[in-house]
Amino acid sequence: MPERRRIPSLPDRLAGRLPDRLTALRTPADPGFWRSPVRGARFTAVLGLVLLVGLTLVFVTGLLSYAAYNPDLDPVNDKTPDKGLLGFYLFAWPTEPHWLYRLTQGLHVTVGIVLVPVLLAKLWSVIPRLFALPPARSVGHALERISLLLLVGGALFQFITGLLNIQLDYLFPGSFYTLHFYGAWVFLAGFVTHVALKLPQAVRVLRAGIPRGEPGPRAAPGTPTEADTTTAPDTLAAPDPLPATLSRRGALAMVGAGSLLLLVTSAGRSFDGPLRRLALLTPRGGTEQGPGPNAFQVNKTAAAVRITPADTGERWRLTVRGPAGELRFSRAELLAMEQHSAALPIACVEGWSTSDQLWRGVRLSDLAALAGYPDSPPDVFVESLQRSGSFRKAALRDNQVRDGRSLLALEVNGAPLSPDHGYPARIIVPAAPGVLNTKWVETLTFGEL
């Protein structure tokens with residue numbers, strides 16, 4: 001009788017295959033899970049060096065932007081009243097050069113936008129380390145992981161809130177000023193710690209050469225290479241890489257191309273003419289403002305803040321307060337005073353700005369003299385007809401009032417102010433953030449800050 005052949009049962013067949021399946025199964029904690037041949041210590045070090053320079057510039061210009069608001073002058077200027085020791089560096093914001101805020105804030109926002117592809121590439125390059133187990137092998141390693149958490153979390157938070165603010169999408173909870181200010185210090189704590197821990201290693205890696213060409217084949221285990229004699233083992237490189245489709249130099253070129261594209265499509269909002277039309281990624285670029293003396297960028301319009309012709313018509317009066325009492329002036333009376341001109345830009349915290357516009361009006365120092373301060377003009381508290389919204393009230397320092405270019409402007413580029421540019425009168429001060437150049441001025445109070 002022929003011998004019967006036993007047909008393996010399903011459990012038996014699965015049992016025979018299961019070990020192979022298990023060996024092929026990898027998790028993100030397994031270095032073999034990450035197989036891109038582009039990753040490597042030198043690739044990451046190059047991106048890190050760019051971020052070291054760029055983020056330092058962004059942080060410093062951000063601090064300068066905060067100082068430009070003169071937050072220690074008056075509570076209305078201070079959107080972070082509980083800053084405590086974090087305001088240690090604040091100083092009286094100068095009026096010279098007159099384009100100072102245009103430069104610092106333009107750099108802050110533009111460099112931040114340009115760094116987005118670099119930041120994303122850097123996070124991609126180190127993502128295997130985010131899943132490494134155990135989470136901490138030593139005190140130093142634990143400190144590095146904590147700094148990495150602060151650095152990555154802080155950077156993503158700052159970039160996301162900053163980009164939303166530029167796009168006028170206030171989707172975050174709370175005030176942008178407060179969130180961005182404290183987020184910057186959290187980011188700085190992680191940034192400084194991470195740089196202190198990783199900079200020596202990055203320098204050693206970069207001395208071995210900038211990554212170029214296709215990632216080459218791995219040497220057999222135990223085979224010494226030139227890199228082995230100059231750097232530590234490359235823990236970011238894939239132990240079992242896939243075939244290369246892009247060189248590391250090519251990957252860096254792609255990151256650079258992305259940054260260049262963002263530069264071209266955003267930086268133009270700081271310039272007039274054709275360059276502004278290229279700024280397609282920002283609300284303050286991509287379109288012309290139309291012809292005429294008042295055809296330059298505005299932040300908020302009269303309609304947006306509910307300023308009506310009845311508010312700015314014949315019944316409007318400027319109130320000036322000081323030791324001399326309360327004085328009231330019509331627009332015609334202000335025009336009858338000695339008029340002065342100043343060529344100054346408008347620069348906004350969102351990073352956009354205009355070229356110099358020719359403003360004409362009454363010097364703030366002359367109005368301070370009428371208020372009772374003929375020799376040494378003090379600080380001034382400015383109030384707008386605007387009834388709601390931030391910075392409808394603002395304070396200016398005495399050095400800003402004393403500057404001969406600081407005006408209560410009545411005209412611009414040879415024509416009366418348009419309603420959107422602050423008719424019947426607005427403040428214009430050299431080097432001041434745009435929100436401190438108050439529009440639709442109603443009251444000036446000198447010397448009570």
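This is a predicted model: local features need pLDDT of at least 70, side-chain atom pairs count only at pLDDT 80 or more; totals for chains, interfaces and linings use all residues.

**From a helix to the sheets**

After α5 comes L168, which has a positive phi, near 65 degrees.

Turning to the strands, β2, β1, β10, β5 and β6 form, in that order, an open sheet of 5 strands with mixed pairing. Since β2 (325–329) and β6 (393–396) each have a single partner strand, they stand at the edges, and one side of each is therefore left without a neighbour in the sheet. From one strand to the next, the twist averages 15 degrees. Within this sheet, β5 (residues 380–384) and β10 (residues 441–446) run antiparallel and are joined by 5 bridges, with F381 standing opposite T445 in β10. Helix α12 (residues 364–371) packs on the sheet, where it touches β1 (318–322), β2, β6 and β10, and its direction makes about 65 degrees with that of β10.

Another set of pairings involves β4 (residues 357–363), which runs antiparallel to β3 (residues 340–344) and is joined to it by 5 bridges; here H340 has G361 in β4 as its bridge partner. Strand β4 is also joined by 5 bridges to β7 (residues 407–412), again in an antiparallel arrangement, and V362 has L408 in β7 as its bridge partner.

As for confidence, the chain has a mean pLDDT of 87, and 89% of its residues reach 70 or more. Over residues 10–23, however, the pLDDT is below 50, and this stretch has 2 contacts in the model beyond near neighbours in sequence. Residues 212–231 also stay under 50, although the model has 23 contacts for them beyond four places in sequence.

Technical notes. Residues are numbered from 1 along each chain as its sequence is written. Side-chain values use heavy atoms; hydrogens and water are left out. Helices (H or I, at least four residues) and strands (E, at least two) are DSSP runs, numbered from the N terminus. Two strands pair if DSSP finds at least two bridges between them. pLDDT is the predictor's confidence in each residue, from 0 to 100. Contact means heavy atoms within 4.5 Å. Axes are lines fitted to C-alpha atoms, for helices over the stretch in contact, and angles run from 0 to 180 degrees between N-to-C directions.
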